[in-house]
Amino acid sequence: MVCGGFACSKNALCALNVVYMLVGLLLIGVAAWGKGLGLVSSIHIIGGVIAVGVFLLLIAVAGLVGAVNHHQVLLFFYMIILGLVFMFQFGISWSCLAINRSKQTDVINASWWVMSNKTRHELERSFDCCGLFNLTTLYQQDYAFCTAICKSQSPTCQMCGEKFLKHSDEALKILGGVGLFFSFTEVTFSSSLIYAISL
């Protein structure tokens with residue numbers, strides 16, 4: 001049987017929206033799990049991740065209901081929202097891939113000095129490192145108050161800045177790649193919806 005018309009688009013759209021619903025539930029679950037275990041102490045980060053998960057879940061439900069019922073108005077608004085999400089996601093994905101190491105260093109450096117001492121000590125213990133970068137005398141002050149395990153085991157600890165750069169570089173590449181992949185799936189399904197709505 002040849003796949004064409006709204007039937008093929010409907011099946012593909014239903015499958016994609018089920019995947020988006022699972023991703024939304026996964027985001028909500030991981031955020032709640034991270035807060036429950038105390039891995040993330042910032043309520044703003046948790047709230048943001050949960051908000052993105054709920055938004056994705058609602059959009060997926062709207063797309064699923066629109067596809068199953070062939071509700072053209074709901075599919076039209078779904079297509080508009082997917083187009084807006086595509087533009088935003090495409091820009092953010094390219095930004096994640098384009099940010100260079102010196103900009104990452106600047107962001108990490110600025111963030112470090114805005115954090116409270118409690119947050120800095122939590123990060124030092126979690127990453128088992130002391131201080132940010134050995135650029136100024138502030139590093140020596142950070143190192144003096146460091147409570148990481150590595151300080152008691154050896155005379156020198158790795159600087160946190162290097163560990164943060166390694167993790168942020170990996171995370172930005174993964175986020176940028178995954179974001180680009182999903183942004184192109186959104187464009188594909190938006191264009192197939194334009195075709196399906198016109199039928």
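1. Is F90 buried, partly exposed or exposed? F90 counts as partly exposed because its relative accessibility is 27%.

2. Before going on, a word about the model. This is a predicted model, where local features need pLDDT of at least 70 and side-chain atom pairs count only at pLDDT 80 or more, while totals for chains, interfaces and linings use all residues. Residues are numbered from 1 along each chain as its sequence is written, and side-chain values use heavy atoms, with hydrogens and water left out.

3. Now the rings. A search of the whole structure turns up four aromatic pairs. (Rings of Phe, Tyr and Trp, the last by its six-membered ring, pair if their centres lie within 6.5 Å; planes under 30 degrees apart are stacked, over 60 edge-to-face, and the rest tilted.) One of them joins F90 and W94, edge-to-face, at 6.2 Å centre to centre with 75 degrees between the planes. Both residues sit in helix 3 (residues 72–98), four residues apart, which is about one turn of the helix.

4. Look next at F127 and F164. Their ring centres are 5.0 Å apart and their planes stand at 80 degrees, so this pair is edge-to-face. It links distant parts of the chain: F127 is in helix 5 (residues 117–127) and F164 in helix 8 (residues 160–198), 37 residues apart. F127 is partly exposed at 27%, whereas F164 is buried at 10%.

5. F164 also belongs to the largest nonpolar core, which has eight residues, including I108, W112, F133 and L165. (Such a core is a set of buried Ala, Val, Leu, Ile, Met, Phe, Trp, Tyr and Cys residues joined through side-chain atoms within 4.5 Å.) Helix 4 (101–114) and helix 8 each give two or more residues to this core, and helix 8 has the largest share, with three.

6. Finally, the whole chain. It has eight helices and zero strands, and 30% of its 199 residues count as buried.

Methods
Buried < 20%, exposed > 50% of the residue type's maximum accessible area, 1.4 Å probe, protein only.
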